[in-house]
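Reader: Hi! Could you walk me through this one while I have it open?
Author: Happy to, go ahead and ask.

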Amino acid sequence: MPTIYVTGNVNVDLIMGRIAEWPRFGTEIVLPHSENRIGGAAGNTALALQALGVRHRMIASVGDDIFGKWLQSGFTSADWAVARTETTISVGIVNPSGERTFLTSQGHLSVHAVDDVLSLLPQRASPGDILLLEGCFLSPPLLADYERLVDQAKARGFILSLDTGWPPQGWEPELRRRTLGWLSRLDHLIINEFEVIGLSGETTQEAAAAALRKTLPPAATLVVKRGSLGASG
């Protein structure tokens, strides 16, 4: 059977809330809820595939600390690059509407690089194997050489799927140009309703989706995630 390989960001999420307004610096408040869990786009995807019983393998990195060991223990099918640094932690603060603000440390994602992925990825894909690329903007060394990752994965015979995520630096012109360049190598593009507009430079979802379809190969699939409304193609 084909395997879905997932690579990208895995980190610790600490969710706390709910809070109506930010407290003043130098003060302390008590919140009614906290939840410590595995996070990151690649981590969440791998956990979902694991729960569904879908054949998969995650390729990711962690820090060399207790949090890194805890993350590794949560997955049944994964290969890890262990960085000589602390594990990335995201603290999510929830407001009364349910929206969250994340404060994320640099940690191991700041040193995660293309060779960390390629060294663990099979040299040759089996028929039907998919490589799902996630969290590309959160690791500067990875982003700096992302074209090589895309090209190498394609050369190894993988079906390529990209879930961009939102870039912390925003959709700067150079980042948009580079990301649009990756699209010509993809088989699937998975993007949310805000990212599709940011990447395309258009002002509506419909125009944005139409613009990106022109950049993708003719047989490629475009999926726009729309939250509670589901997804559209």
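Reader: Which residues lie nearest the centre of the largest pocket, and how many residues line that pocket?
Author: N9, A41, F102, L138 and W166 lie nearest the centre, and 36 residues make up the lining. Do keep in mind that this is a predicted model.

Reader: Which helices and strands each supply at least two residues of its lining?
Author: Those are β2 (11-17), α1 (41-52) and β7 (100-104).

Reader: And how do the lining residues divide into nonpolar, polar and charged?
Author: For the largest pocket, 17 are polar, 10 are charged and 9 are nonpolar.

Reader: What about the second largest pocket, what volume does it have?
Author: The second largest pocket has about 220 Å³. Its lining consists of I19, W22, P23, R24, F25, T27, E28, I29, L31 and I93. By class, 7 of these are nonpolar, 1 is polar and 2 are charged.

Reader: Switching to aromatics: how many aromatic pairs are there in the whole structure?
Author: A search of the whole structure turns up 6. Take F137 and W171: their ring centres are 5.5 Å apart and the planes sit at 85 degrees, so this pair counts as edge-to-face.

Reader: Where in the chain are F137 and W171?
Author: They come from distant parts of the chain, 34 residues apart. F137 is in the loop between β8 (130-134) and α4 (140-144), while W171 is in the loop between β9 (159-163) and α6 (173-183).

Reader: Are F137 and W171 buried or exposed?
Author: Both F137 and W171 are buried.

Reader: Which residues do ring pairs link into a cluster?
Author: The cluster holds F137, Y146, W166, W171 and W182.

Reader: W182 is in α6, I see. Which residues of that helix are buried?
Author: In α6, L175, R178, T179, W182 and L183 are buried. Looking down the helix axis, the buried residues fall within an arc of 155 degrees, so they line one face of α6.

Reader: Why would residues three or four places apart point the same way?
Author: Because an α-helix has 3.6 residues a turn.

Reader: Nice. And which residues are exposed on the other side of α6?
Author: P173 and R177 are exposed there.

Reader: Last one: what covers the buried residues of α6?
Author: The cover includes α4, α5 (146-155), β9, β10 (188-192), α7 (195-200) and α8 (205-215).

How values were computed. Residues numbered from 1 in each chain as written. Predicted model: local features only at pLDDT ≥ 70, side-chain atom pairs only at ≥ 80, totals over all residues. Heavy atoms only, no water. 1 Å grid on protein atoms, 1.4 Å probe; cavity = no way out; pocket = protein on both sides within 12 Å on 5 of 7 lines; lining within 4 Å. Helix = DSSP H or I, 4+ residues; strand = E, 2+ residues; numbered from the N terminus. Nonpolar A, V, L, I, M, F, W, Y, C, P; charged D, E, K, R; others polar. Points joined across faces, edges and corners; volume = space filled by probe spheres on them. Phe/Tyr/Trp six-rings, centres within 6.5 Å; stacked < 30°, edge-to-face > 60°. Buried < 20%, exposed > 50% of the residue type's maximum accessible area, 1.4 Å probe, protein only. Arc of directions from axis to C-beta. Contact = heavy atoms within 4.5 Å.
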